[in-house]
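Please walk through this structure with the sequence and the 3D view side by side.

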Amino acid sequence: MTATEPTTETGVSVNINGTEISANKGELLIDAAERHGVYIPRFCYHPRMKPVGMCRMCLVEVDTGRGPGLQPSCMLPVSDGMVVDTESDVTKKAQDGVLEFLLINHPLDCPVCDKGGECPLQDQTMAYGPGESRFVEEKRHFQKPIPISDIVYLDRERCILCDRCTRFASEVAGDPLIHFQSRGNQTEVNTFPDEPFSSYFSGNTVQICPVGALTAKPYRFKARPWDLTETPSTAVTDSVGARITVQSSRNQVLRYLGVDSDPVNWGWLSDKERFSFEVLNSDARITSPLVRGDALGNPKDDGEELVATTWANALAMTAEALRGADPSRVGVIGGARMANEAQYAWAKLAKSVIGTDNVDAQLADSPAADVVLSLPRATIDAACAPGGTTLLVGVDPKETHGSLFLRLRHAAANDKSTLLEVAPRSTGCTPYAAHSTFPTPGMLGDAIAAITDADGESPIGAALRGADAPVVVFGAGSLAEAPENVSAAVLALAAAFPNATFLPLPTRGNAVGAMDMGLAPGLLPGRRSLGTAPNGWSGAPATAGLDTMGMLAAAADGQIDTLILLGADPLTDVPDRQMVDRALNRVTHLIAVDCVVNHTSSGADVVFPAAATATEIDGSFTNIEGRVSPLNQKVTPPGTARADWMIAAEIAAQLGADLGFIDLDELWADIATASPVHAELDFAGITGSGADGIVVHGSSVDAPSVVLRDDLLEGDGLPLVVTRKMYDAGTMLSQCPSLSSLPSGAHASMHPDTAAERNVSDGATVRLSSSVGDLDIPARLDAGVPVGAVAVEANQPDADVGELIDSTLAVTTVTVSEVLG
């Protein structure tokens, strides 16, 4: 946590251990002392939560003019002339006594405790505690461990009642599911019966627990801290780019820990980010190239399975598919899971060697690249600024961008910021929003028109007009509605509120990096539209190609022969499932690059094994605010897996071309030459440090012409709302043992009034029918769904709502035609 250095106007003079220091007015004594190199021991205090003074370990002798006395430094703001002694005999005796009391019932099981070796209680007992215990009576005992959730285990005997976990759950996550229970000597932390600690952020309590009372199932008994080595990196699970520490032992990643990055994630991670490392150790990892045919690269037989082959054979088969191909009949889908360097290499291969601009890193469920790059960019700090005003459009950060949600929630709950919301249904931010509106799909135009009407009565519009620098955070809205609808709404807001800045929330990790590196239709590296090609890009097309849905539609019509998938699984992630099926059935060549075989790549002709982005390569990542942060290799890739950029360079060589780089230094130099916004960026310095990264500014992309329509509904059915959940049946989560069982399943959620009109009861199975398919699914009554709409969760293991979505329509509608019981 970064503290502002005091000035003459804001500072007060404090004497600590005989040394005069300058502290900020209102700053807590424990923070001021630590900023000046004096560490005061503590257990309950955490700089990102409100102080409670529970443990009393931070007692120090303080004289504010009435004589010295013991006071908890975590609760005491500094004052001018304060005299503090953290080393007096009185202070030492108090700290000694606190530790002796804590150890009365604490078990001495350090050799088998996961916290042993990194335990503040161990460390502070050695530094400040008694040399031996005077307590010889039997310690108290509890049943242990108790699984308080699917991921977190509780050992009540070790708990010192510091209140960190309960405060985090209540103050930070807004999920008060873990509490103090009983009184006196029987006080314990626990959950209520039949109410598990089912928070998306429960893993944070394990990290901040100062003893071994809370442990995480994925790490439990896996290693000792002194067996681990670590390196800083960036989480690539979503596009926030949370800073993490990657820890490994014996060339296996065993743990991610959140890093307190002041401008990004404040040390918090969602459980999806924290435990996603399990996929890296999955038996499903691809360790060598796979081909459909035989290991010698003979032509495929559709009935044959993928078999391992050599890199030479796989590269030769890929080159054969691409050599001499009509560039307009080649498409590249995916790439948002890659590092910036790999995205640049694949963009250069596709556009300057193959000659196609049919390239899109997104899967029709995120804001369009030209819209994102044409808008003035906000930072996370600006969106979460104290007293600021932030409008959310078509997003639910709690479900898709967990660490950003915690920042937004803190700003609204603690810092008097105004949170506004326009969404297709209620979200995790709704309880904290000052004003929310939930237009049914197809009616977003009316809602935005009301907000932008200077003479209107919209409270959201009034709040935006009254703000000095409002921030608009936007996503793709409902997956059953054309993403252009949200794009048009956001551009209308930009025109109406010229002082606003914008923060995009693409669904996948490094989607913003892909835009910056040209891995999007109509773009070149450096946030530029197609035009004059940079040096080394002489073969780049002059006209914009197709996006993902355009490529799939063209493939379904027989106009694309070869599809290359870069860490993408269209069968799982593209909203229109039937369109994907038709496309894949028509393409002649399907080539995939991925860490594991997914639903789509299982039908590929060639699959290349890729190194994992966050842990197995060196590189960089660009988050939603344009912040370039480091990715540092911690372990070696399995088998013969290679970095994605190397695969692109090898394919180019097979085609007789040279991408112009053979190592990262040359690749970074090539990016600096091709991208004006990265020309002065020190890539080597970013990736070699644990710094917060650097925000890259500038763009020359003009806003596209998108008309905001208010006539989008077709037919007599109910408009379908499809949104993503934190846990789903995606490839990554399905390979994480601790997370794969957490998807909640899909439901047909309806407002009680809508359900009553159709005689639908809560829990009944209903049949939803659209123009392209049917789906039987349990009904759920939910007042957060707009009246006259049906909401279904995307990509759940028990129901595929993609079978209902028709991407040719601006809004998919459904009928509730039959109640099955």
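Buried means under 20% relative accessible area, exposed means over 50%, and partly exposed lies in between, with a 1.4 Å probe and protein chains only. The model is a predicted one: local features need pLDDT of at least 70, side-chain atom pairs count only at pLDDT 80 or more, and totals for chains, interfaces and linings use all residues. Residues are numbered from 1 along each chain as its sequence is written, and side-chain values use heavy atoms, with hydrogens and water left out.

Cysteine 736 counts as buried because its relative accessibility is 1%. A disulfide is a pair of cysteine sulfur atoms within 2.5 Å. The structure holds zero disulfides. Cysteine 595 is in none, and the nearest cysteine sulfur, that of cysteine 736, is 12 Å away. Seen from cysteine 736, the closest cysteine sulfur is in cysteine 595, and 12 Å is too far for a bond.

Next comes the packed interior. In soluble globular proteins, nonpolar side chains tend to be buried together. A nonpolar core here is a set of buried Ala, Val, Leu, Ile, Met, Phe, Trp, Tyr and Cys residues joined through side-chain atoms within 4.5 Å. The largest one has 141 residues. Phe168, Trp346 and Phe608 have the most contacts inside it. Helix H8, residues 340–354, gives the largest share of this core, eight residues. Helices (H or I, at least four residues) and strands (E, at least two) are DSSP runs, numbered from the N terminus. A second, separate core has 29 residues, including Ala369, Val422, Val486 and Met515.

Look at phenylalanine 608 again. Contact means heavy atoms within 4.5 Å. Leaving aside residues up to four places away in sequence, phenylalanine 608 touches Trp311, Ala314, Leu315, Thr318, Ile591, Ala592, Val593, Asp594, Ile647 and Ile651.

Helix H17, residues 548–556, shows burial along a whole element. Seven of its nine residues are buried, so H17 is largely enclosed by the rest of the structure. The buried ones are Thr548, Met549, Met551, Leu552, Ala554, Ala555 and Ala556. Their cover includes strand S16 (330–334), strand S17, strand S25 (562–566) and helix H19 (577–586). Just after H17, glycine 558 takes a positive phi of about 80°.

Where is the empty space? Rolling a probe the size of a water molecule over the atoms shows where empty space is left. On a 1 Å grid over the protein atoms alone, a cavity is a set of points where a 1.4 Å probe fits but cannot get out. A pocket is an open set with protein on both sides within 12 Å along at least five of seven lines, and lining residues have an atom within 4 Å of a point. Grid points are joined across faces, edges and corners, and a volume is the space filled by probe spheres set on the points.

Four cavities of 30 Å³ or more are counted by this rule. The largest cavity has a volume of about 890 Å³. It is lined by 48 residues, and Val236, Thr237, Arg337, Gly567 and Met732 are the closest to its centre. Helix H11 (397–400), strand S26 (589–594) and helix H23 (731–734) each give two or more residues to this lining. H23 gives the largest share, three residues. By class, the lining of the largest cavity has 22 nonpolar, 13 polar and 13 charged residues. Ala, Val, Leu, Ile, Met, Phe, Trp, Tyr, Cys and Pro count as nonpolar, Asp, Glu, Lys and Arg as charged, and the others, Gly among them, as polar.

The second largest pocket holds about 910 Å³ of space. Of its 43 lining residues, Tyr200, Asp396, Glu399, Arg724 and Lys725 lie nearest the centre. H11 and strand S31 (718–723) give two or more residues to this lining. H11 gives the most, three residues. The lining of this pocket divides into 14 nonpolar, 17 polar and 12 charged residues.

Finish in the loops. A cis peptide bond joins lysine 144 and proline 145, with omega about -15°. Proline 145 sits between helix H3 (120–128) and strand S6 (146–147). Arginine 56 has a positive phi near 65° and is not a glycine. Arginine 56 counts as partly exposed because its relative accessibility is 36%.
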